[in-house]
Amino acid sequence: ITGHFPRTVHCDFHRRALASSQLETVLCTLHLNTYYEKICLFLWFWMLFVLIVSSVFVYIRILSSLRSTSEQQIRQLLKFAPESDLPYAIDRFLVSLGPDGIFVLQQIALNLGDLPASYLAAAMIACCEKSRGEGEKK
């Protein structure tokens with residue numbers, strides 16, 4: 001298909017007779033080049049596919065980090081929390097988490113599910129409020 005893997009090439013070889021040596025040029029076939037060409041073509045398309053998929057996910061990740069929907073997702077997770085009397089300081093909690101903590105909670109929700117992520121978020125809020133309460137008493 002491409003010219004990078006030729007199937008036939010000119011080969012020079014010496015034909016030896018009793019008193020002479022003649023240089024002859026013939027056509028040789030390279031059977032393995034056909035297979036190498038197919039393998040490289042497959043790998044090229046595979047790498048193109050991986051590049052496109054990776055680019056799409058990087059684009060989605062950049063968009064999701066720029067939007068404010070990440071905080072809304074955390075608030076949605078807290079609706080699943082077992083405690084009905086969650087502390088009122090969810091905004092302070094989100095500020096203390098920062099973008100990295102929000103990203104980690106999103107990944108936990110994505111990989112494990114919303115329920116374990118909501119339990120974790122509720123426990124983190126409780127620990128955060130408990131440490132603030134102890135800090136204000138001192």
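**Exercise 1. Trp46 and its partner**

Work out whether Trp46 is buried, partly exposed or exposed, and which residue pairs with the ring of Trp46.

*Solution.* 
Step 1: Keep in mind that you're looking at a predicted model.
Step 2: Look up the relative accessibility of Trp46, which is 44%. Buried means under 20% and exposed means over 50%, so Trp46 counts as partly exposed.
Step 3: Now the rings. A search of the whole structure turns up two aromatic pairs. In one, the rings of Trp44 and Phe45 sit with their centres 5.0 Å apart and their planes at 85 degrees; planes over 60 degrees apart count as edge-to-face, so that's what this pair is.
Step 4: Trp46 pairs with Phe49, at 5.6 Å centre to centre and with 40 degrees between the planes, and this pair is tilted.
Step 5: Check where the partners are. Trp46 and Phe49 both belong to helix H1 and are three residues apart, about one turn of the helix. Phe49 is partly exposed too, with a relative accessible area of 47%.
Step 6: For the other pair, Trp44 is exposed at 51%, while Phe45 is partly exposed at 47%.

**Exercise 2. A nonpolar patch**

Find the surface patch that includes Trp46 and say what kind of patch it is.

*Solution.* 
Step 1: The patch is nonpolar, and among its members are Leu32, Tyr35, Ile39, Trp46, Met47 and Phe49.
Step 2: Together, the residues of the patch have about 1100 Å² of accessible area.
Step 3: Leu32 is found in helix H1, which covers residues 31-66. Its relative accessible area is 51%, so Leu32 is exposed.

**Exercise 3. Salt bridges**

Work out how many salt bridges a search of the whole structure finds, and which residue pairs with Glu37.

*Solution.* 
Step 1: Here's the idea to start from: side chains of opposite charge can pair when their charged atoms come close.
Step 2: The search finds two salt bridges.
Step 3: Glu37 pairs with Arg7, and their closest N and O atoms are 3.1 Å apart. This pair links distant parts of the chain, since Glu37 is in helix H1 and Arg7 is in the segment before strand S1 (8-16), 30 residues apart.
Step 4: Compare how covered the two partners are. Glu37 has 5% relative accessibility, so it counts as buried. Arg7, at 39%, is partly exposed.
Step 5: The other bridge joins the side chains of Glu24 and Arg15, at 3.3 Å from N to O. Arg15 counts as partly exposed at 45% relative accessibility.

Conventions
Residues are numbered from 1 along each chain as its sequence is written. This is a predicted model: local features need pLDDT of at least 70, side-chain atom pairs count only at pLDDT 80 or more; totals for chains, interfaces and linings use all residues. Side-chain values use heavy atoms; hydrogens and water are left out. Patches are made of residues with over 30% relative accessible area and no salt bridge: like charges are joined within 9 Å, nonpolar side chains (Val, Leu, Ile, Met, Phe, Trp, Tyr) within 5 Å. Accessible areas come from the Shrake-Rupley method with a 1.4 Å probe; for residues, only the protein chains shown count as cover. A salt bridge is a side-chain nitrogen of Lys or Arg within 4 Å of a carboxyl oxygen of Asp or Glu. Helices (H or I, at least four residues) and strands (E, at least two) are DSSP runs, numbered from the N terminus. Buried means under 20% relative accessible area, exposed over 50%, partly exposed in between (1.4 Å probe, protein chains only). Rings of Phe, Tyr and Trp (its six-membered ring) pair if their centres lie within 6.5 Å; planes under 30 degrees apart count as stacked, over 60 as edge-to-face and the rest as tilted.
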